[in-house]
Amino acid sequence: REFYLHILNSLSPGDVIKEYVGAINFEKFMPAEFEKFYPEERVRRKISIKTIATRSGESEKWAQSSQKYLRELKLVNNSESFSSNMQIYKNGVGLISYKDYFMGVIVESKDISNMLKSAFELMWGATA
């Protein structure tokens, strides 16, 4: 919870998070109320998100609610490469591993953030 709230607290209305996420069974790792709270809080703060996610039942549900949650979504089939979450934002990058030790790391670096934003946009443009 603190991981995601730190990112939201670092942003302003109109900012965009760029995210890679493996759409795994979040209910195993996060309380159901937070899974609902986070996107609603992000919308309340007027922060949108561009997500590249693995194709799954969960990500298909996200696709149905994208407009409501200020989310642009592209789905990919390579689930092996996406087993964690990376959120790239204004001056930082948040990385969270769901499987290995359930840990999160935040790197506050404008240079690293800018480099990863560029890589994200290349992949975004190459994804159908």
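Trainee: Which strands does helix H3 lie across?

Mentor: Helix H3 (residues 57-64) lies across strand S1 (16-21), strand S2 (48-54) and S3, and runs at about 145° to S3. Helices (H or I, at least four residues) and strands (E, at least two) are DSSP runs, numbered from the N terminus. Axes are lines fitted to C-alpha atoms, for helices over the stretch in contact, with angles from 0 to 180 degrees between N-to-C directions. Contact means heavy atoms within 4.5 Å.

Trainee: Before I go on, what kind of model is this?

Mentor: It's a predicted model: local features need pLDDT of at least 70, side-chain atom pairs count only at pLDDT 80 or more, and totals for chains, interfaces and linings use all residues. Residues are numbered from 1 along each chain as its sequence is written, and side-chain values use heavy atoms, with hydrogens and water left out.

Trainee: OK, the sheet. What's the strand order?

Mentor: S3-S2-S1-S4-S5-S6, an open sheet of 6 strands with mixed pairing. The edge strands, S3 (71-76) and S6 (103-108), each pair on one side only. Two strands pair if DSSP finds at least two bridges between them.

Trainee: And in what sense do S5 and S6 pair?

Mentor: Antiparallel, over 6 bridges, with S5 covering residues 92-97. Ser-97 stands opposite Met-103 in S6.

Trainee: Switching to helices: at what angle do H1 and H2 pack?

Mentor: About 0°, with their axes 11 Å apart; H1 is residues 2-9 and H2 is residues 32-44.

Trainee: Which H1 residues are buried?

Mentor: Phe-3, Tyr-4, Leu-5, Ile-7 and Leu-8. Buried means under 20% relative accessible area, exposed over 50%, partly exposed in between (1.4 Å probe, protein chains only). Those buried residues of H1 pack against S1, H2, strand S4 (84-89), S5 and S6.

Trainee: Last one, where does Ser-109 sit?

Mentor: Ser-109 is in the loop between S6 and helix H4 (110-126).

Trainee: Why does Ser-109 count as buried?

Mentor: Because its relative accessibility is 18%. Leaving aside neighbours within four places in sequence, Ser-109 is in contact with Asn-91 and Gly-92.
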